[in-house]
Amino acid sequence: MFVKVTKSGPRHYVQLVEAFRDEAGVTRHRHVANLGRVEEARVRLDRLIEGLCRVAEREVPAAMAFERSLEVGGPWALDGLWNRLGLSRCLRGWTRSDAKLDLDALTRVMVFNRLCDADSKLGVLRWLEEVVVPGVNPAQVTHQRLLRAMDVLEANLDPILSRLAGLVRPLLDQGLNLVFYDLTNMRVQGEGSVAEDLRAFGMSKDTGGIARQVALGLVQSGCGMPLDFEMFPGNVGEASTLLPMLQRCLARFPIKRVVLVADRGMLSLEQIEQLQALKLPKGVNQSWILAVPARRYGEFMDPVVAMAEGFEKPGAPSVAETTSGEHRLVVAHNPQVAAEMKAARRARIAAIEADAQRRADQLDAQDQ
């Protein structure tokens with residue numbers, strides 16, 4: 001038997017129906033009892049259920065209610081990783097004057113939220129209502145304490161990052177053979193300013209124009225693990241950030257040899273002199289590979305021109321090597337790329353000349 005709800009006009013009726021097979025073996029239904037309209041039958045159905053439970057010698061089922069569920073998986077996995085890496089050791093001893101401020105718990109909450117469901121500090125409090133973070137009492141996490149924790153982290157950022165570097169070292173290759181560094185910018189909104197404000201107008205990589213922004217320099221290992229970072233003013237030049245970040249990496253990681261590889265936008269020969277003047281740790285050797293346009297440095301032009309004359313196939317890409325003073329030069333020439341650059345350069349010149357002629361014609365028209 002089973003319960004069936006049938007509709008007649010705007011009303012719904014509850015029926016008790018039995019399923020059976022006729023002589024031909026076909027499944028049929030027959031109505032055993034009509035229990036009345038749905039709206040009116042609820043009280044009678046409760047009594048019927050209680051009576052049937054007594055006959056079946058079963059307990060009367062309690063009223064069903066759905067309780068709120070909390071997310072456990074993400075924070076639980078991150079907490080295990082946090083403990084395995086020993087990140088809590090980086091955060092000890094910075095809040096001795098404020099014993100109520102659990103810097104480790106507050107930092108874990110903010111980091112876990114950033115990885116699971118990034119939100120503002122107030123959003124972190126709302127997120128805590130939906131999840132379980134092991135070892136964290138949500139009642140002890142307040143907006144004010146999150147902000148105070150951020151102040152402590154900022155005030156002790158350098159020693160905390162130095163401790164963190166010590167924890168990361170076992171996860172890296174002993175020589176730290178490959179490290180990537182890049183600078184990117186992030187646009188910001190608003191017109192206000194504060195003391196030592198990093199927000200400044202600079203060339204935006206997103207729009208190609210001028211925008212108010214801040215710059216983020218990030219160092220990561222060859223496998224993609226972040227090693228260090230620094231925030232810069234939005235109008236900082238890329239090249240000026242490279243040497244300070246290099247010095248910090250040398251101080252924090254066991255680097256035995258420095259081979260600096262940079263494109264022409266990141267490093268110049270003038271800065272190479274500054275690099276060579278750096279006081280490196282004992283036993284650390286340095287060298288560099290730098291991309292420069294030959295036309296920018298006149299002292300390279302004579303050997304480059306002489307080398308180009310010796311290329312075997314004038315129309316084919318060529319790579320050759322020579323020296324210029326103490327520098328080793330590797331010259332690469334691709335005729336197809338050169339032709340494309342030449343055509344683009346001529347197009348820009350033509351556009352400038354056309355614009356200049358248009359403006360000159362306007363002035364002549366005004367004189368007339």
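Which residues lie nearest the centre of the largest pocket? They are Val111, Leu157, Leu161, Leu164 and Phe229, among the 44 residues that line the largest pocket. The model is predicted, so local features need pLDDT of at least 70 and side-chain atom pairs count only at pLDDT 80 or more, while totals for chains, interfaces and linings use all residues. Residues are numbered from 1 along each chain as its sequence is written, and side-chain values use heavy atoms, with hydrogens and water left out.

The largest pocket has a volume of about 2000 Å³. A pocket here is an open set of points on a 1 Å grid over the protein atoms alone where a 1.4 Å probe fits, with protein on both sides within 12 Å along at least five of seven lines; lining residues have an atom within 4 Å of a point. By class, the lining of the largest pocket comprises 33 nonpolar, two polar and nine charged residues. At least two lining residues each are supplied by helix H2 (73-85), helix H3 (103-117), helix H4 (121-128), H5, H6, S6 and strand S7 (226-233). The largest share, eight residues, comes from H6. Helices (H or I, at least four residues) and strands (E, at least two) are DSSP runs, numbered from the N terminus.

Between helix H5 (143-155) and helix H6 (157-168), the loop holds Asn156. Asn156 counts as buried because its relative accessibility is 17%; buried means under 20% relative accessible area, exposed over 50%, and partly exposed in between (1.4 Å probe, protein chains only). The Asn156 side chain reaches the backbone oxygen of Val152 at 2.8 Å.

Strand S6 (residues 210-221) contains Arg212, which counts as buried at 11% relative accessibility. A polar atom of the Arg212 side chain lies 2.4 Å from the backbone oxygen of Gly190, and the side chain of Arg212 also reaches the backbone oxygen of Gly192 at 2.6 Å. Beyond its neighbours within four places in sequence, Arg212 is in contact (heavy atoms within 4.5 Å) with residues including Met186, Glu191, Asp197 and Phe201.

Two further helices complete this account. Helix H10 (residues 335-367) has 33 residues and reaches 47 Å from its first C-alpha to its last, close to the 48 Å expected at 1.5 Å a residue; the expected span is 1.5 Å times one less than the number of residues. Asn334 caps the N-terminal end of H10, with a side-chain oxygen 3.0 Å from the backbone nitrogen of Gln336. In helix H1 (residues 38-55) is Glu40, which counts as partly exposed at 48% relative accessibility.

Technical notes. A polar contact is a pair of N or O atoms within 3.5 Å; within protein, one must be able to donate a hydrogen and the other to accept it, and residues adjacent in sequence count only if both atoms are side-chain atoms. Grid points are joined across faces, edges and corners, and a volume is the space filled by probe spheres set on the points. Ala, Val, Leu, Ile, Met, Phe, Trp, Tyr, Cys and Pro count as nonpolar, Asp, Glu, Lys and Arg as charged, and the others, Gly among them, as polar.
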